[in-house]
Amino acid sequence: MRIAQLLAVPRPRLICTALLVASLMEMAGCGAPGNGANDGAATLIVGRGGEAESLDPIHIETGEAVKVVVNLYDTLVAYDEETIDLVPGLAREWETSDDGLRWTFHLREGVRFHDGTPLDADAVVFSFNRLIVDDNPHAHSGIMPYAPAYDVIEAVRAVDPLTVEFTLKNPSAVFLANLAMFSAGIVSPTAVEQEGADFATHPVGSGPFRFVRWTRDQELILAANEDYWDAPPGVDRLIFIPVIESAVRVAQLRRGEIHIADNLPPAEVNVLADDADIAVQTTPGMNLAYLAIQNERPPLDNVKLRRAIAHAIDKKALIDVAYDGSAQPAVNPLPMTMWSWDDSISDRPYDVERARELVEEAAAESGFALPLDLSLYVMASPRPYMQQPMETAVFIKEALKPIGINVRIVTNEIGQHFQRLGRGEYDLGLAGWSTDNCDPDNFLYQLLDEDNINDLGGNNNCRYRSAAVHERLLAAQQELDRDRREQLYREAQELIFADAPMVPLVHSDVRLALRGDVKGFHLHPTALFRLRRAELARPTP
Amino acid sequence: MTRFLAWRLAVCIPTTLVALSIAFIGIRLIPNNPILARFGQHAVPQQVQAEMIRHGWDRPLYEQLGGFVKDLVLRGDLGESFFHNESVTDGLARVFPATVELTLAALVIALPLGIVSGIVAAVWKDRWPDRLCMAGSLVGISVPVFFIGICLIYALPNMPTGRRLPPGVFYDRSTEFVLFESLLRGQWHVVALAVKHLCLPAIALSTIPAAMVARVARSAMLEVLNADYIRTAWAKGNPRWRVVLCHALPNAAIPIVEISGLQTGQLLAGAVLTETVFSWPGLGQYLVHAVQQSDYNVVQGTTLLIAALFVLVNLTIDLLHCGLDPRFAERGVANAANRV
């Protein structure tokens with residue numbers, strides 16, 4: 001009988017088949033929930049709410065794809081396991097020229113891709129050229145969401161097999177941080193050339209796990225890369241399965257059908273936290289949920305009205321209502337855990353009286369009648385920074401009623417929601433951002449710089465224009481001295497606070513539930529899903 | 001009969017094309033730019049512009065529709081999914097077998113259950129078997145499938161929570177018909193696993209069709225049981241089972257066949273809620289995700305398949321109808337036209 005064979009782990013096929021047959025029989029017969037193919041290989045199963053769109057690092061955008069890709073590819077520089085400090089990755093060291101325009105990276109010796117080809121300077125040049133060279137035949141789609149992060153690169157060249165030199169168009173303070181992003185993962189040139197567009201579903205990198213098989217919407221299997229240049233992974237195999245319904249993810253986690261579940265509604269995580277077999281990990285999120293205000297639309301162009309809205313929202317109560325207590329009130333657009341967060345700014349207190357006065361002053365100045373009717377746009381599905389969008393919207397609607405603002409809630413599918421926000425077709429809107437590269441620029445410039453007002457996808461949804469802020473944000477991008485950069489960002493935050501172009505609502509905690517037998521895995525501050533250190537303490541319950 | 005069949009076949013193609021055109025235009029009327037949706041919160045305006053032009057989505061609707069139909073007719077090409085790196089044909093070949101197996105499993109439960117309880121309810125009208133069956137069917141119709149699904153998962157902790165197979169099981173196969181193919185190949189362990197995984201979703205999915213069939217079967221049987229010829233059959237001293245099964249049931253069969261056919265068509269079009277609760281990778285989820293992302297080609301290709309399936313199911317019902325009641329074909333074209 002031709003029965004199953006697991007291709008995942010390199011070991012004699014006969015044994016593998018025999019073990020699998022045994023495990024299949026056991027599962028078919030006894031009915032106890034099993035942890036998948038129970039062939040003796042330590043298999044970690046991750047249940048998640050969605051599916052990746054591609055596994056080619058330059059063409060992906062969603063968190064579900066990033067979760068997989070960070071385990072498949074290495075980057076030249078990497079984030080530290082516990083902190084957001086940059087540490088050597090594939091590059092063991094690097095230096096910068098005095099003008100900040102030339103960066104030289106020295107690669108580790110003897111690193112190989114999963115297909116056995118060497119990871120050398122040519123491979124690095126090949127990988128970056130896919131991002132920066134227009135119409136590169138090895139970039140298989142015109143969709144490269146993170147390519148703008150590498151626009152600053154003028155050229156990349158291989159000096160010798162283990163040395164790569166980047167030439168920049170201008171000095172850039174975020175260049176190094178962007179090299180640590182998943183989009184700068186180094187791909188195997190041989191595989192890219194061989195697979196063509198199919199590289200997206202047959203990825204080859206040099207990371208701690210290698211790709212085995214992907215049946216879309218069913219399972220995505222990775223196996224340990226035993227030849228990894230750093231310590232090899234703690235589990236033999238990694239399986240990502242999409243379990244769309246969060247209540248089912250919870251049930252599966254309780255039964256031990258999956259080991260890790262993320263993106264769970266806050267109330268369910270609180271229930272799981274009481275389960276002795278399950279551990280909940282929490283980290284303050286490097287994210288921001290905010291109430292976007294369309295600054296170009298009268299009467300919202302009146303700063304008093306915007307400040308009034310800020311005074312009317314009780315962020316602590318919002319956290320209880322919509323985040324089940326697991327979030328921090330936001331004062332600035334920057335997460336509190338990000339360097340250069342301005343601690344000298346104290347938030348506008350929750351004060352309905354003051355808010356009401358400000359609204360009346362604004363009404364007199366701008367000539368509008370009270371109550372004022374405004375639309376509030378809300379996304380139909382949750383985001384990591386906004387786990388219960390509808391509850392948040394209703395809370396804001398109720399909060400604004402006493403100050404004379406009648407809110408009409410408008411719900412849109414997530415894609416449509418952000419498109420309409422980007423085009424400025426709203427008065428108030430729920431939005432947010434999660435960090436890409438742990439740099440303040442990634443929040444302030446993306447969300448509040450006039451360069452990012454664009455109908456075809458700018459992230460300055462508030463359409464906030466301030467010459468003073470723009471000047472500081474641009475200067476900070478090119479300033480290599482960290483203290484001077486911090487000063488610029490502090491000044492920008494003060495200007496932004498005064499103008500109140502948005503109401504920063506909360507920084508949501510990132511939480512993840514896992515079986516107690518999963519050891520060694522710690523949620524990274526950026527919620528990166530690097531599973532190399534995860535281990536399974538056996539026997540599994 | 002031949003004329004009727006010819007007319008029915010002739011109507012199939014325009015019906016399918018009209019459904020396709022409605023989907024084609026409808027998905028483009030939703031103010032959701034597929035390229036911006038693909039970029040999420042990291043859109044790059046220049047790339048967005050270039051992609052719009054590359055896909056021809058900046059051109060007038062009739063040109064786009066013409067191009068799609070041309071590719072479809074000349075090359076049988078449904079295009080590429082914009083979100084996934086695969087052709088729509090491959091995508092359908094991946095998800096449709098899952099839907100077919102789930103549908104058939106649900107029907108295996110729903111049809112016998114529905115027909116038997118309908119007959120029982122009719123025979124013991126207004127007595128406790130009738131009340132029980134009709135109460136059951138009321139529950140089946142009114143309780144949402146996702147609720148039944150989650151209840152089943154919690155009530156039967158030893159059964160797998162959906163999926164087609166446990167994670168990590170891989171075996172020799174060439175199609176996604178996990179159950180059928182393993183049956184044909186004699187891979188009995190896979191068969192056992194597949195059946196076990198199919199149980200809960202099939203039970204959840206069968207509730208509505210079973211309830212619908214039961215209600216229709218009951219009223220059809222009641223109508224027939226009141227007919228004169230049945231009274232004659234009773235009068236001749238036939239045993240009860242013989243009157244019900246041999247005299248009444250064949251004449252009550254037509255509405256039962258029709259409702260069963262329509263339910264089959266609906267199940268084949270995908271069962272989004274059941275698929276969501278049980279992580280079942282079927283047609284329903286494939287289509288819903290495509291609509292959410294405005295993945296034009298997937299929406300078009302899937303609609304085409306569903307429309308064609310419905311047309312085929314309707315055709316089959318009509319043929320069965322002809323078999324059960326030869327007068328139907330003679331009443332002919334006008335009648336058939338009403339049904340389309």
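Which residues does B:Arg173 touch, not counting residues up to four places away in sequence? B:Arg173 touches B:Leu165, B:Val178, B:Glu181 and B:Arg185, where contact means heavy atoms within 4.5 Å. This is a predicted model, in which local features need pLDDT of at least 70 and side-chain atom pairs count only at pLDDT 80 or more, whereas totals for chains, interfaces and linings use all residues; side-chain values use heavy atoms, with hydrogens and water left out. Residues are numbered from 1 along each chain as its sequence is written, and chains are lettered from A and ligands numbered from 1 in the order in which they are written.

- B:Arg173 lies in the loop between helix H7 (145-155) and helix H8 (178-185) of chain B; helices (H or I, at least four residues) and strands (E, at least two) are DSSP runs, numbered from the N terminus.
- Twelve residues separate B:Arg173 from B:Arg185 in sequence, and their C-alpha atoms are 9.0 Å apart.
- The side chains of B:Arg173 and B:Glu176 make a polar contact (3.5 Å). A polar contact is a pair of N or O atoms within 3.5 Å; within protein, one must be able to donate a hydrogen and the other to accept it, and residues adjacent in sequence count only if both atoms are side-chain atoms.

**Interface of chain B and chain A**

- Chain B gives 57 residues to the contact and chain A gives 68 residues.
- The area buried between the two chains is about 5,400 Å², with 55% from carbon and sulfur atoms; buried area is the accessible area (1.4 Å probe) that two parts lose on being put together, summed over both.
- In chain B, the residues that lose the most area to chain A are B:Gln41, B:His42 and B:Phe170, together 15% of what that side buries.
- Three salt bridges are found across the interface, a salt bridge being a side-chain nitrogen of Lys or Arg within 4 Å of a carboxyl oxygen of Asp or Glu.
- B:Arg94 forms a salt bridge with A:Asp217, with the closest N and O atoms 3.5 Å apart.

**Helix H12 of chain A**

- Helix H12 (residues 414-422) of chain A is largely enclosed by the rest of the structure, because seven of its nine residues are buried (under 20% relative accessible area, 1.4 Å probe, protein chains only).
- Among the buried residues of H12(A) are A:His417, A:Phe418 and A:Leu421.
- The buried residues of H12(A) pack against strands S15 (372-379), S16 (405-412) and S17 (428-434) of chain A, together with H2 of chain B.
- A:Gly424, whose phi is positive, near 75°, follows H12(A).

How values were computed. Buried means under 20% relative accessible area, exposed over 50%, partly exposed in between (1.4 Å probe, protein chains only).
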